[in-house]
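This report goes through a protein model one region at a time. Please keep the sequence and the 3D view open while reading.

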Amino acid sequence: MRIAPHLSIRGLVTGLAVAAMAMAGTVSLGVNATPSHAATCNGYVGLTFDDGPSNDHTPAILNALKQNGLRATMFNEGQYAASYPAQVQAEINAGMWVGNHSYTHPHLTQQSQAQIDSEISRTQQAISSAGGGTPKLFRPPYGETNSTLKSVEAKYGLTEIIWDVDSQDWNGASVDAIVQANAQLGNGQVILMHEWPANTLTAIPRIAQGLASRGLCAGMISPQTGRAVAPDGGGTTTGGTTTGGTTTGGTTTGGSTTGGATTGGTTTGGSTTGGGGTPGGCKVAYNPNSWPGGFTADVTITNTGSSAINGWNLGFTLPSGQSVANAWNANISPSSGAVTASNVSFNGQIPANGGTASFGFQGTWSGSSFSKPASFTLNGTACSMA
Ligand SMILES: [Zn+2]
């Protein structure tokens, strides 16, 4: 797909970036930690995959991320979002966040303000039309930025996200090298990867294991700060102001965020829970993947009744020693014992006669053997096991 190197000219642009940040206004901060999940994550990192979506690579990347309990930010090119809207939707359904990576991947610093505006605005439109929400994050191709670009980003309420660590996957890095690059990530930091290199896909299970072994979780990138934070669970929004971002190791993150209490990403929680009615029948498929000390679980609820369900709560009891660290496409609380998984904003409806909703989570466990919950109730009604 795209072999052009993502050259770094960060040293050159840092001065400009700082100047632009000085002009950044104040923003409201959306506070979004989910207390029941936060305890088991000592920090969050921002995994990013650029240059999609595509029919060739996106499904495999999403599957690998889900299987390994990872969420990531997908920086999409507008031209591909327009060509493959179903893959944008698949990214959202898999619990990913979708950002803007320009329409045609040009060297934006060589373009006029009008050309830059077109690249950014058409991509916002293409992603939105595909069901990916209106992006809050922008990654300039090749990491190249200047004050003209920053002014256009500000116009569209976009926060510029470069990276703290470049995996070099675009440059033929080995699987080991990509895993090692991820091992350098500290709390809040962001890594550059791409959806198309085969080695990146192969590295994903080892990236997940490496993060878990260090107590780090894959988070969302905050539009307010440009740093990786806990995924937004639809929590409360509180006031607060910030002026510009932070500069770390020559990489400028954060910056000109405009607009009010944005809650970041495209998964905004806001679960419409309860009140969904008593289902006429339900079936639950619970598929765990465990390794010593950790596991992920994919859960699919099937509505076997003849009425649609609007808003759901799935109750189940985690076996002793198991704890939820991080969930996607559902809010789960508390983190152990008898828990309730409730829908997020986009998957509250389960159509009648075989419609499904899926979610998943990553967790920890102790003991000598791994086991599944014994039973499930949907909005208070017992379900059969699929
Ligand atoms: Zn790119």
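The model is a predicted one.

S2 has a parallel partner in strand S1 (residues 43-52), with four bridges between them. Within this pairing, Thr 48 has Thr 73 of S2 as its bridge partner. S2 also runs parallel to strand S3 (residues 97-100), again joined by four bridges. There, Met 74 stands opposite Val 98 of S3. Together, S1, helix H3 (residues 58-67) and S2 form a right-handed β-α-β unit.

## Backbone details in loops

The loop between S1 and H3 contains Pro 53. The peptide bond joining Gly 52 and Pro 53 is cis, with omega about -5 degrees.

His 105 sits in the loop between S3 and helix H6 (113-129). His 105 is not a glycine, yet its phi is positive, at about 65 degrees. Is His 105 buried or exposed? His 105 counts as buried because 20 other C-beta atoms lie within 10 Å, and the cut-off for burial is 20 or more.

Tyr 142 is another residue other than glycine with a positive phi, near 65 degrees. Tyr 142 is in the loop between strand S4 (137-138) and helix H7 (147-155). With 18 other C-beta atoms within 10 Å, Tyr 142 is partly exposed.

## Trp 365

Trp 365 belongs to the loop between strand S21 (355-364) and strand S22 (376-378). Trp 365 is buried, since 21 other C-beta atoms lie within 10 Å. The C-alpha atom of Trp 365 is 6.4 Å from that of Ser 323, although the two residues are 42 apart along the chain.

In soluble globular proteins, nonpolar side chains tend to be buried together. The largest nonpolar core in this model has 66 residues, and the members that touch the most others are Tyr 44, Val 45, Ala 72, Ile 191 and Leu 211. Helix H9 (residues 198-213) supplies the largest share of this core, seven residues. At least three residues of the core come from each of domain 1 (10-252) and domain 2 (282-385).

Which residues does Ile 191 touch, leaving out those up to four places away in sequence? Among them are Val 45, Leu 47 and Thr 48, along with Trp 163, Asp 164 and Val 165. Another core, of eight residues, lies apart from the largest one; its members include Cys 282, Val 284, Val 299 and Leu 378.

## Overall fold and confidence

The protein has nine helices and 24 strands. Of its 386 residues, 49% are buried. Among contacts with a separation of 6 or more, 79% are between residues 24 or more positions apart.

The mean pLDDT of the protein is 78, with 70% of the residues at 70 or more. Residues 7-39 have pLDDT below 50, and in the model this stretch makes 87 contacts beyond near neighbours in sequence. Residues 234-275 are also below 50, and that stretch makes 142 contacts beyond near neighbours in sequence. Where pLDDT is low, the predicted coordinates should not be read in detail.

Notes. Residues numbered from 1 in each chain as written. Predicted model: local features only at pLDDT ≥ 70, side-chain atom pairs only at ≥ 80, totals over all residues. Core = buried A, V, L, I, M, F, W, Y, C linked by C-beta atoms within 7 Å. Buried ≥ 20, exposed ≤ 12 C-beta atoms within 10 Å, placed from the backbone. Helix = DSSP H or I, 4+ residues; strand = E, 2+ residues; numbered from the N terminus. Domains from an automatic or database assignment. Contact = placed C-beta atoms within 7 Å. pLDDT = per-residue confidence, 0-100. Pairing = 2+ DSSP bridges. Right-handed = clockwise from strand over helix to strand, strands pointing away.
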